[in-house]
Amino acid sequence: MSERLEKGAAAPDFTLPDESGTPVSLHDFQGQKVIVYFYPAASTPGCTTEACDFRDNINSLKSAGYQVLGVSKDEAPALQKFRDEQGLNFPLLSDTDLEVHKDYAAYGEKSLYGKTVTGVIRSTIVVGEDGSVDLPLYNVKATGHVKSLRKKLGLDAG
């Protein structure tokens, strides 16, 4: 299992297909701030809550200079369905072999209902304009995550 990314570390570059099969690379966003969030599975209740939270906040995040990329192990057709059903307005990337999840330490041992299991760790990594990690967040909660993230990024008072 990879070490968790630390603030200031270089964010691992990646190229993954989006929901329509178009390759999306982290380096395409050089000079921009990128929120890369990892979620366990498209169209499940918690992941839908989290994705809709990002959807509903996308304009304010973009106006603050942030791009949002959602990453899961789902195949492109499942991502397309998820995007269409929920009206999602940011790219959903398919990492079926979990390589990027592992590079970002978003896959490994976690506690699920009191048991230790291996799986996707709901994580959000904010990458700065220079390609380094600005804010690494692991084991985030799906509900209220974007509000908490906005506060940590200094976008909301309080």
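Below are my entries on the sheet and its helices.

Ground rules first: this is a predicted model, so I took local features only at pLDDT of at least 70 and side-chain atom pairs only at pLDDT 80 or more, while totals for chains, interfaces and linings use all residues. Numbering starts from 1 along each chain as its sequence is written, and side-chain values use heavy atoms, with hydrogens and water left out.

I looked up the strand order and got 5-4-3-8-9, an open sheet of five strands with mixed pairing. Strands (E, at least two residues) and helices (H or I, at least four) are DSSP runs numbered from the N terminus, and two strands pair if DSSP finds at least two bridges between them. Strand 5 (92-94) and strand 9 (133-138) each have a single partner strand, so one side of each lacks a neighbour in the sheet.

Strands 3 and 4. I found strand 3 (residues 33-38) parallel to strand 4 (residues 66-72), joined by six bridges. V34 has Q67 as its bridge partner in strand 4.

Helix 1. I checked residues 45-63 and found a kink of about 60°, centred on N57; the bend is the angle between axes fitted to the seven residues ending at a residue and the seven starting there. Buried residues (under 20% relative accessible area, 1.4 Å probe, protein chains only) include C47, F54, N57 and L61. The buried residues of helix 1 pack against strand 3, strand 4, helix 2, strand 8 and helix 4, where contact means heavy atoms within 4.5 Å. Just after helix 1, I noted G65 with a positive phi of about 95°.

Notes
Buried < 20%, exposed > 50% of the residue type's maximum accessible area, 1.4 Å probe, protein only.
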